[in-house]
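Here is a briefing on helix packing, a pocket and some backbone geometry. Please read it beside the model.

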Amino acid sequence: MNYIFKDLKPEKAWKYFWEILQIPHASKKEEKIIKYIVDFGKHRKLETLQDKTGNVLIRKPATKGMEKLKSVVLQGHLDMVCEKNSDIKHNFDKDAIKPVIVNGWVKAKGTTLGADNGIGIAAMLALLDSKNIKHGPIECLFTVDEETGLTGAFGLKANFLKSNILLNLDSEDDGQFFIGCAGGINTVASLIFRKERITKNFVAFKISVLGLKGGHSGDNINDGLGNSIKIINRLLWNAHKNYGLRISDIKGGNLRNAIPREAFADVVIPKENKNEFLRFVMEFEEMVKAEYSTTAPNLRIFAKDSELPNAVMDEETQEKLLNSLYACPHGVIAMSAEIPNFVETSTNLAVINIIENNKLFIQTSQRSSIKSSKQDVADMVASSFKLAGFEIEVSGDYPGWKPNTSSEIKNIMVKSYKKLFKKQAKVLAIHAGLECGVIGEKYPGMDMISFGPTI
């Protein structure tokens, strides 16, 4: 693959980002990137440690004459969200990410790029490898499995770090410094259904919802983005009521922390309703495209002829599913009364599919900067499915990070940014989970801030 970053600055950071893109590093599958980081540290004769969870810590001594400065730990996570468009062939366990530069932006061909948090890792490696940057004692902490459970942060031992100042490199907008974050929890609903055989008096279609932008379930939840699962369910609910639609298969979304951008359903319709149904789908597309004309200009909703399946979901379960999905909340639940334009509580309807043994699987995630509100919205989501007889499983509860407005490192960062870029940085809290919340519980008194480039 041709190296396309040769003209980008700083050269060393982009060099390491390129190397990271060549190494598969999906959540819970970080073995290769861990080895790369460990080898990096040992090759440079830097103190390199690895804990039982898989986290790697590399220490770099202070520049001569600066040994008395306070030690600082830079921190980022090694795993990436692995999302791709349905028409792209890519194996995240084996294939390198293919970057492209479009209008001054580094992107990836039909997949996630992994700038979250690959660009932060690259910056840490560039600093560790530098010969001309003066600094005090530095620790670089590379954590594992942030995206699917904050596993590395939860597994961190209280005596692993020496520093009392932490720079988290996992935020996503230049000029924004974060000193607080939301906590989160996952709510999963499941239900086993029966299959019913159908007669030949039906015709089959595959319904697709494509072209939504997707986005992060915390940082983008208030951007008015379409949710493919909510949209396809709206279509199915109306088509079942008016045209006798039956569902054979349904799937949408991939990850609990991503707003789903694609959804699909295999359905059958009584032959006599075929033309009316197809006209409805066309009208439905125009209606929903008008609703999302600003946030989803490339939205497409269509039905394509397919082979008649042997069986469909039993009608009782189908009604429970469609009504539960319609009732399930998605999006912003409450805005903060204290911080302007800050989402306080939200929920994301993230994934639906059918797994083994005819089992419906629905995954959601809830976030809030208030612990009690986080539990309240999780209970709200659970209730919408419990009413229909779904089994509920709650997992992945992680704490928020309470802002420290008198933070010393915050004040230093704000002054430094103004000096460097001649403009004022914004100091905010983020409606997303950061490892700072977990690390702060393990290291009480740790002075922390989170920042990063626009990704």
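Asn117 lies in helix H3, and the peptide bond from Asp116 to Asn117 is cis, with omega near 10 degrees. Helices (H or I, at least four residues) and strands (E, at least two) are DSSP runs, numbered from the N terminus. This is a predicted model: local features need pLDDT of at least 70, side-chain atom pairs count only at pLDDT 80 or more, and totals for chains, interfaces and linings use all residues. Residues are numbered from 1 along each chain as its sequence is written, and side-chain values use heavy atoms, with hydrogens and water left out.

**Other backbone points**
- The Lys9 to Pro10 peptide bond is also cis, with omega near -5 degrees; Pro10 sits in the segment before H1.
- Lys45 is not a glycine, yet has a positive phi, near 55 degrees. Lys45 is in the loop between H2 and strand E1 (47–50).

**H2 against H3**
- The axes of H2 (residues 31–43) and H3 (residues 115–129) come within 11 Å and cross at roughly 15 degrees. Axes are lines fitted to C-alpha atoms, for helices over the stretch in contact, and angles run from 0 to 180 degrees between N-to-C directions.
- H2 and H3 are therefore roughly parallel (under 35 degrees; over 145 is roughly antiparallel, 65 to 115 roughly perpendicular, the rest oblique).
- Tyr36, Ile37 and Phe40 of H2 make the contact with Ile121, Leu125, Leu128 and Asp129 of H3 (heavy atoms within 4.5 Å).
- These contact residues divide into 6 nonpolar, no polar and 1 charged. Ala, Val, Leu, Ile, Met, Phe, Trp, Tyr, Cys and Pro count as nonpolar, Asp, Glu, Lys and Arg as charged, and the others, Gly among them, as polar.

**H5 against H7**
- H5 (residues 228–243) and H7 (residues 315–327) pack at about 135 degrees, with axes 9 Å apart.
- H5 and H7 are therefore oblique to each other.
- The contact residues include Trp237 and His240 of H5 and Leu322 and Tyr326 of H7.
- By class, this contact has 7 nonpolar, 5 polar and 4 charged residues.

**Lining of the second largest pocket**
- H9 gives the most to this lining, with 7 residues.
- The lining has 27 nonpolar, 9 polar and 7 charged residues.
- Elements giving two or more residues to the lining include H3, strand E3 (72–77) and helix H9 (408–421).
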